[in-house]
Amino acid sequence: MELSLLQNVLLYALILLVLVLPLSVHKVEENLEAFLFGCGILAVSITHSWSWHLVTTALKDPITITIAVFVAGLLFKFCHKGLKTLTHKMVGSLGLRITLGVLVFTLGITSSLITAIIAALILAEMAVLLPLNRKNRIRLVVYSCYAIGMGAVLTSIGEPLGTIVLSKLKGEPYNAGFWFLVQHLGWYVLAGNILLAFLASRIKQDDAPQTQETKEEENLTEHSLKNISFRAGKVYLFVMALVLLGDGLKPLAEKTISHLSANVLYFINMLSAILDNATLATIEITPDISMRNLMFLLMSLIISGGMLIPGNIPNIIAASKLKIKSKEWAKAALPLGLVLMVGYFLVLTIVM
């Protein structure tokens with residue numbers, strides 16, 4: 001699809017707004033789902049991408065995630081006391097730091113088999129039960145979501161990105177099977193998960209959290225049907241917004257990235273902090289891609305997805321449960337994401 005100059009300008013302006021406004025305008029930050037939904041509608045309208053298929057896709061794609069969030073909320077409602085007891089026993093026997101490290105590592109490594117959604121739901125529930133103040137809880141969630149995002153890509157069932165990559169490379173020359181990504185990305189993901197688990201194990205709990213903060217944290221443990229339904233509804237709107245935004249920005253992405261090298265795309269792919277990484281993978285990955293370029297593209301996509309809340313489904317689920325604001329997430333996640341991006345770039349440049 002050929003875009004006019006006006007369409008290009010409007011889409012670049014929209015990307016800038018999506019990046020800046022949630023971090024600088026309080027009203028936008030508090031109503032992020034509605035804001036992104038509006039941006040998605042605007043993006044599709046600018047590129048004239050409306051179709052019955054898009055509408056049905058936007059309505060259907062969030063259903064599975066929403067049902068998972070709702071059902072898990074009901075299960076945790078009835079299992080809350082048992083999970084709380086188990087969490088306290090872990091902290092009592094292992095200590096808080098080891099518990100945090102084990103939690104991050106386990107969720108990251110198993111997310112490719114239990115799916116990123118289930119891993120995020122477990123994280124969101126356990127994070128509330130751990131003896132952490134708000135600042136440290138957000139750090140734990142950010143570390144965990146990075147780990148989950150890395151681990152989930154390793155199989156076709158972990159998250160859509162892995163499914164798309166294996167589907168596109170199932171023929172010659174790669175003949176990619178179920179374990180293809182484990183074979184080629186496994187050591188990089190393992191190293192990342194170990195690092196993130198170590199960072200989590202360094203988290204300390206303040207001795208005297210503020211009274212107001214304590215009250216806010218207690219509200220996160222509520223499992224009323226109203227709260228469960230509200231969170232599920234927010235996740236539905238969030239995912240629908242990302243479907244629309246991704247489809248609306250796809251023509252711009254196709255035009256922009258088709259002429260760039262893998263090294264440049266590595267950092268351009270930080271757009272997946274606001275744009276579904278599966279959309280970028282669909283555009284960038286083809287059967288004739290070299291293994292070097294594939295590694296660069298995949299690592300950049302899975303790392304940058306953790307930088308902002310819209311970047312990955314685990315981020316959305318955990319932020320919704322813990323009521324984490326965009327600015328809070330970015331403060332904890334952006335510096336870490338940039339370090340990981342540069343670190344992996346240097347490693348891949350040397351190894352590949």
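Let's start with the nonpolar patch on the surface: L113, I114, I118, I157, F178 and W179 form it, with about 540 Å² of accessible area together. Patch residues have over 30% relative accessible area and no salt bridge, and nonpolar side chains (Val, Leu, Ile, Met, Phe, Trp, Tyr) are joined within 5 Å. A salt bridge here is a side-chain nitrogen of Lys or Arg within 4 Å of a carboxyl oxygen of Asp or Glu, and the areas come from the Shrake-Rupley method with a 1.4 Å probe, counting only the protein chains shown as cover for residues.

A quick word on the source: this is a predicted model, where local features need pLDDT of at least 70, side-chain atom pairs count only at pLDDT 80 or more, and totals for chains, interfaces and linings use all residues. Residues are numbered from 1 along each chain as its sequence is written, and side-chain values use heavy atoms, leaving out hydrogens and water.

Back to L113, which sits in helix 5, residues 96–114; helices are DSSP runs (H or I, at least four residues) numbered from the N terminus. L113 counts as exposed because its relative accessibility is 52%, with exposed meaning over 50%, buried under 20%, and partly exposed in between.

Helix 5 packs with helix 7, residues 134–152, at about 25°, the axes 6 Å apart. So the two are roughly parallel, the word for angles under 35 degrees.

Now for the loop between helix 8 (160–168) and helix 9 (180–201), where P173 lies. A cis peptide bond joins E172 to P173, with omega about 5°. N175 is in the loop between helix 8 and helix 9 too, and this non-glycine residue has a positive phi near 50°. At 44% relative accessible area, N175 is partly exposed.

Terms used
Patch = residues over 30% accessible without salt bridge, like charges linked within 9 Å, V, L, I, M, F, W, Y side chains within 5 Å. Buried < 20%, exposed > 50% of the residue type's maximum accessible area, 1.4 Å probe, protein only. Axes fitted to C-alpha atoms, helices over the stretch in contact; angles between N-to-C directions. Parallel < 35°, antiparallel > 145°, perpendicular 65-115°, else oblique.
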